[in-house]
Amino acid sequence: MRLSRETIETHPKRAFKIAVSSRDAFTMVVARLEHAGVVGLGEASPSKRVTGEDATSVGHFLDWAAKEVEPLGPDELLGFLDHVHDDICGNPTARCALDLAVHDLLGKLRGVPARALYDLPAARIESSMTVSLDEPDVMAAEARGYVEAGHRALKLKLGEARSASEGRDASGRVTTARDVERVRAVRDAVGAGVRLRVDANTGWTGAGDVALTRALADLGVELVEQPVPPADVRGLAAFARESALPVYADEAVLDAFDVERLHQAGFRGGVNLKLMKAGGLRPAVRAARRAKELGYGVQLGCNVETSIGISGAAQLLALLDHADLDGNALLRDDPFVGARLERGWIESPRASGLGVAPRFP
Ligand SMILES: [Mg+2]
């Protein structure tokens, strides 16, 4: 069993702006797990802000894992993954690269899609497309472009930059009044038939912004993601109690452990899971199933990812209430081909493994 890695850089079609960052390049680590001439592909697309990882830390983890898997046979891989997920703290995005490569390899060796390992059927679901945080007219133009391309569900990035002096009132409080303006401009541009969700990416200040949810509900917004900072679990629970919109936790929930933690803090609403936060397919399935047991809505989101990550996520569509899987659709130079939004819909791949291949083999 040979595990190797390669760091790649990809670029979005347009700068990717949210409340806390603006990016025009992304660094991913591609993992290749090879056995008997068959190669399983995995990906880490790290976010230092969310999990504390970067390509260097992912590389160190995969170098360690390469030594561990070297003597193993295929039948020992899932046991090794359980050890990695249960006994190693942190590093979820690095674990995801390994986890995806294992699932791709095992699926290919067995001739089944990776989702078959969890008795999950194929599914097809509408996914939102992300509109970057910007001036209202710029967001309206981007949204109109997506709707003209067939998308009927959009996720608007809201919230002012917490670190910028701009966007704060005289007392230093972050002002979010323009967020209503942004959503109104988009609604006017796309009409009533398009589903709108919003994501504050921790950029709202808390209880004072609950009033915003009433204005956004009037504009037909379906849900709001992560209004408050990730550590403020009680604040999130309080916000959700007062909110006129369903609240989905994102930065506050990485895995099944966090799902329990949110529930114990009294949070009710939904969770936005990601393979890159949970640690890959195996822990994401566990987190999604536990969240459903606790009555949470389940959305699967993504980082900006190549088709490896999105094809992995597309294995889990049967578990979802909402999908936000546009990570590869945002890239202009994805080196892989696999599951991908088609006019706003995403479908589980039928091919064995994750259903992804290099664009230029
Ligand atoms: Mg989010």
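**A helix, a sheet and a pocket**

Modeller: Helix α4 (residues 92–110) lies across β1, β4 and β5, and runs at about 155 degrees to β5. Contact here means heavy atoms within 4.5 Å, and angles, from 0 to 180 degrees, are taken between the N-to-C directions of lines fitted to C-alpha atoms, for helices over the stretch in contact. Helices (H or I, at least four residues) and strands (E, at least two) are DSSP runs numbered from the N terminus.

The model is predicted, with local features needing pLDDT of at least 70 and side-chain atom pairs pLDDT 80 or more, while totals for chains, interfaces and linings use all residues. Residues are numbered from 1 along each chain as its sequence is written, and side-chain values use heavy atoms, without hydrogens or water.

The 3 strands form an open sheet in the order β1-β4-β5, with antiparallel pairing; strands pair if DSSP finds at least two bridges between them. β1 (2–10) and β5 (38–44) are the edge strands, each with a single partner, so one side of each has no neighbour in the sheet. From one strand to the next, the twist averages 25 degrees. β4 (residues 26–35) pairs with β5 over 7 bridges in the antiparallel sense. Within that pairing, L33 has G40 of β5 as its bridge partner.

Now to the largest pocket, which holds about 430 Å³ of space. Points join across faces, edges and corners, and volume is the space filled by probe spheres set on them.

Of the 29 residues lining this pocket, F16, I18, S47, R49 and N303 are the closest to its centre. β4 is one of the elements that give two or more residues to the lining, together with β2 (16–18), β3 (21–23), α1 (48–51) and β8 (153–157). α1 gives the most, with 3 residues. The lining of the largest pocket divides into 9 nonpolar, 8 polar and 12 charged residues. Asp, Glu, Lys and Arg count as charged, Ala, Val, Leu, Ile, Met, Phe, Trp, Tyr, Cys and Pro as nonpolar, and the others, including Gly, as polar.

Definitions and conventions:
1 Å grid on protein atoms, 1.4 Å probe; cavity = no way out; pocket = protein on both sides within 12 Å on 5 of 7 lines; lining within 4 Å.
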